[in-house]
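Have the structure open beside you as you read.

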Amino acid sequence: MYLYNGADEATFRKQLENRAQIRVRRIAEVVSLTPDQLAKLQLATHGDLSRFYRELEHVRQKTKGLDPQKQNDMRKAWELISPVQQRVAHGIVGEDSLTDRILLSLLDEQQQTKYVEYQQQRQAAQFRSILRITVSDLEKSLPLTEKQRDELIKLVEGKELPEMVD
């Protein structure tokens with residue numbers, strides 16, 4: 001239950017697989033993958049998901065028999081579940097995955113340039129979203145006029161994007 005974010009396992013797996021497929025299709029569109037490149041990338045993605053499912057099964061076996069009513073058992077379970085949850089949050093098929101390593105080895109120079117541009121655009125869009133959410137949260141305790149809000153957003157957006165840090 002803690003791993004699946006309230007969903008059942010089948011739904012959780014379907015969501016992971018859909019996200020992975022969407023990511024692969026989007027990359028294929030952006031960098032114009034050849035059918036051979038696409039097949040290799042899909043195989044790598046399948047490998048990443050399979051490895052993750054084996055990890056889930058390992059956690060399931062380790063937590064089998066633990067009593068959720070006992071605090072010590074829950075602590076043991078959480079020590080096993082927490083890293084897997086973090087992996088899900090960061091993306092099964094993301095940085096440092098087999099899919100990414102294969103992708104970078106598959107792309108020619110022109111495709112790599114397109115991929116880097118795509119990644120930069122995604123990072124910028126993500127930064128803008130986080131900025132707007134942050135300003136919205138700020139306004140709960142410090143109301144801003146529309147002009148002040150726009151100026152604050154322009155000021156921060158005009159800065160160099162920070163590097164992603166884990």
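In this predicted model, five helices each supply at least two residues to the lining of the largest pocket: helix 1 (9-31), helix 2 (35-63), helix 3 (71-90), helix 4 (98-106) and helix 5 (109-141). Which helix gives the most to that lining? Helix 5 does, with eight residues.

Rolling a probe the size of a water molecule over the atoms shows where empty space is left. Here, the largest pocket holds about 1,300 Å³ of space. It is lined by 32 residues, and the closest to its centre are Arg23, His90, Gly94, Glu95 and Arg122. Sorted by class, the lining of the largest pocket has 13 nonpolar, eight polar and 11 charged residues.

Now to the packing of the helices. Two packed helices are described by the angle between their axes and the distance between the axes.

| Helix pair | Angle between axes | Distance between axes |
|---|---|---|
| Helix 1 and helix 2 | about 155° | 11 Å |
| Helix 2 and helix 3 | roughly 165° | within 9 Å |
| Helix 2 and helix 4 | roughly 160° | within 8 Å |

Start with helix 1 and helix 2, which pack at an angle of about 155°. That angle makes helix 1 roughly antiparallel to helix 2. Helix 1 passes helix 2 in a right-handed crossing. On the helix 1 side, the residues that meet helix 2 include Phe12, Leu16, Ala20, Val24 and Ile27. Among their partners in helix 2 are Leu38, Leu41, Leu49, Phe52 and Leu56. By class, the contact of helix 1 with helix 2 has 12 nonpolar, two polar and four charged residues.

Next, follow helix 2 to helix 3. Their axes cross at roughly 165°, so helix 2 is roughly antiparallel to helix 3. Is the crossing left-handed or right-handed where helix 2 passes helix 3? It is left-handed. Helix 2 brings Asp48, Phe52, Glu55, Leu56, Val59, Lys62 and Thr63 to this contact, while helix 3 brings Ala77, Leu80, Ile81, Val84, Arg87 and Val88. The contact of helix 2 with helix 3 has eight nonpolar, one polar and four charged residues.

Helix 2 passes helix 4 in a right-handed crossing. From helix 2, the contact uses Gln37, Lys40, Leu41, Ala44, Thr45, Asp48 and Arg51, and from helix 4 it uses Leu98, Thr99, Ile102, Leu103 and Leu106. The residues of the contact of helix 2 with helix 4 divide into six nonpolar, three polar and three charged.

Notes:
Residues are numbered from 1 along each chain as its sequence is written. This is a predicted model: local features need pLDDT of at least 70, side-chain atom pairs count only at pLDDT 80 or more; totals for chains, interfaces and linings use all residues. Side-chain values use heavy atoms; hydrogens and water are left out. On a 1 Å grid over the protein atoms alone, a cavity is a set of points where a 1.4 Å probe fits but cannot get out, and a pocket is an open set with protein on both sides within 12 Å along at least five of seven lines; lining residues have an atom within 4 Å of a point. Grid points are joined across faces, edges and corners, and a volume is the space filled by probe spheres set on the points. Helices (H or I, at least four residues) and strands (E, at least two) are DSSP runs, numbered from the N terminus. Ala, Val, Leu, Ile, Met, Phe, Trp, Tyr, Cys and Pro count as nonpolar, Asp, Glu, Lys and Arg as charged, and the others, Gly among them, as polar. Axes are lines fitted to C-alpha atoms, for helices over the stretch in contact, and angles run from 0 to 180 degrees between N-to-C directions. A crossing is left-handed if the near helix is turned anticlockwise from the far one by less than a right angle, and right-handed if clockwise. Contact means heavy atoms within 4.5 Å. Angles under 35 degrees count as roughly parallel, over 145 as roughly antiparallel, 65 to 115 as roughly perpendicular and the rest as oblique.
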